[in-house]
Amino acid sequence: ALVFTSGWISNLAAISTIADLLPNCLILSDALNHNSMIEGVRRSSAERKIWRHNDVAHLEELLAEQPLERAKLIVFESLYSMDGDISPIREICDLAEKYNAMTYIDEVHAVAMYGARGGGVAEREGQMHRIDVIEGTLAKGFGVIGGYIAASPAICDAVRSFAPSFIFSTALPPAVCAAAAQSVRIAKTRPELRMAHQRQA
């Protein structure tokens, strides 16, 4: 994983950097993605297409138009903050595997709140192992500040090495890191705290 100063920066940095490093990459972005994801898409030089919100049939249409060997990055959220709806993660992963695409999921509004250890909706639905990049926040459910991406060592190293907003920005202060780490520990080991939220939801 790689830690940033905010979830907004982690989306902007990771999406734009990954897409620019993949030759001839096509970004496929859900129509209701968060502003930080939109900014990451815009700052990339890659071609982009917008698919109708949570419409996997439309996503497949766009994927099917492309050569199988072309680099493709599907960017979407797990829990959409403005509408409160949840994406069809399993179906999106099925399409990614069928059409040779990478997946990038924003779990900002779900981490600490969903999943057996607070990993988010993808954890709750048993799909984390199928996602190439999981992005999240250390604010919101974790109550501190900061953002992160979790991915393979190669992807994390590529973003660390090439993203200007990571390289040239300051790091989180040690006290903030300690507080965030403790929040993560609590979320992992205190599922009853999430259950109270789920009952309210």
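Tutor: Two strands are said to pair if DSSP finds at least two bridges between them. The model discussed here is a predicted one.

Student: In E4, which residue is the bridge partner of Leu-28?
Tutor: Strand E2, residues 26-30, pairs with strand E4, residues 72-77, in the parallel sense and over four bridges. Within this pairing, the partner of Leu-28 in E4 is Ile-74.

Student: Which strands stand at the edges of the sheet, and why is one side of each left without a neighbour?
Tutor: The sheet is open and is formed by seven strands with mixed pairing, in the order E1-E7-E6-E5-E4-E2-E3. Each edge strand has a single partner strand, and therefore one side of each has no neighbour in the sheet. The edge strands are E1 (2-4) and E3 (47-51).

Student: By how many degrees are neighbouring strands of this sheet turned against each other on average?
Tutor: The figure is an average over neighbouring strands of the sheet and ignores their direction. On that basis the turn is 20°.

Student: What angle does helix H4 make with E4?
Tutor: Helix H2, residues 35-43, packs on the sheet where it touches E2, E3, E4 and E5, and its direction makes about 160° with that of E4. Helix H4, residues 89-98, lies across E3, E4 and E5, and its angle to E4 is about 175°.

Student: Is Ile-92 buried or exposed?
Tutor: Ile-92 has its place in helix H4, and, leaving out residues up to four places away in sequence, it touches Trp-51, Val-56, Leu-59, Ile-74, Phe-76 and Ser-87. Buried means under 20% relative accessible area, and because the relative accessibility of Ile-92 is 0%, this residue counts as buried.

Student: Which residues does Thr-103 contact, leaving aside its neighbours within four places in sequence?
Tutor: Thr-103 lies in strand E5, residues 102-106, and with a relative accessibility of 0% it counts as buried. Its contacts, with those neighbours left aside, are Ile-74, Phe-76, Ala-96, Arg-130, Ile-131, Asp-132 and Val-133.

Student: What is the relative accessibility of Ser-44?
Tutor: Ser-44 is found in the loop between H2 and E3, where, not counting residues up to four places away in sequence, it touches Ser-16, Ala-19, Asp-20 and Ile-27. Ser-44 counts as buried, since its relative accessibility is 4%.

Student: How far apart are the end C-alpha atoms of helix H1, and why does that agree with its number of residues?
Tutor: Helix H1 has 15 residues, 7-21, and at 1.5 Å a residue they should span 21 Å.

Student: How many of the 15 residues of H1 are buried?
Tutor: The buried residues of H1 include Gly-7, Ile-9, Ser-10 and Asn-11. The helix is largely enclosed by the rest of the structure, because the number of its residues that are buried is 12.

Note on methods. Residues are numbered from 1 along each chain as its sequence is written. This is a predicted model: local features need pLDDT of at least 70, side-chain atom pairs count only at pLDDT 80 or more; totals for chains, interfaces and linings use all residues. Side-chain values use heavy atoms; hydrogens and water are left out. Helices (H or I, at least four residues) and strands (E, at least two) are DSSP runs, numbered from the N terminus. The expected span of a helix is 1.5 Å times one less than its number of residues. Buried means under 20% relative accessible area, exposed over 50%, partly exposed in between (1.4 Å probe, protein chains only). Contact means heavy atoms within 4.5 Å. Axes are lines fitted to C-alpha atoms, for helices over the stretch in contact, and angles run from 0 to 180 degrees between N-to-C directions.
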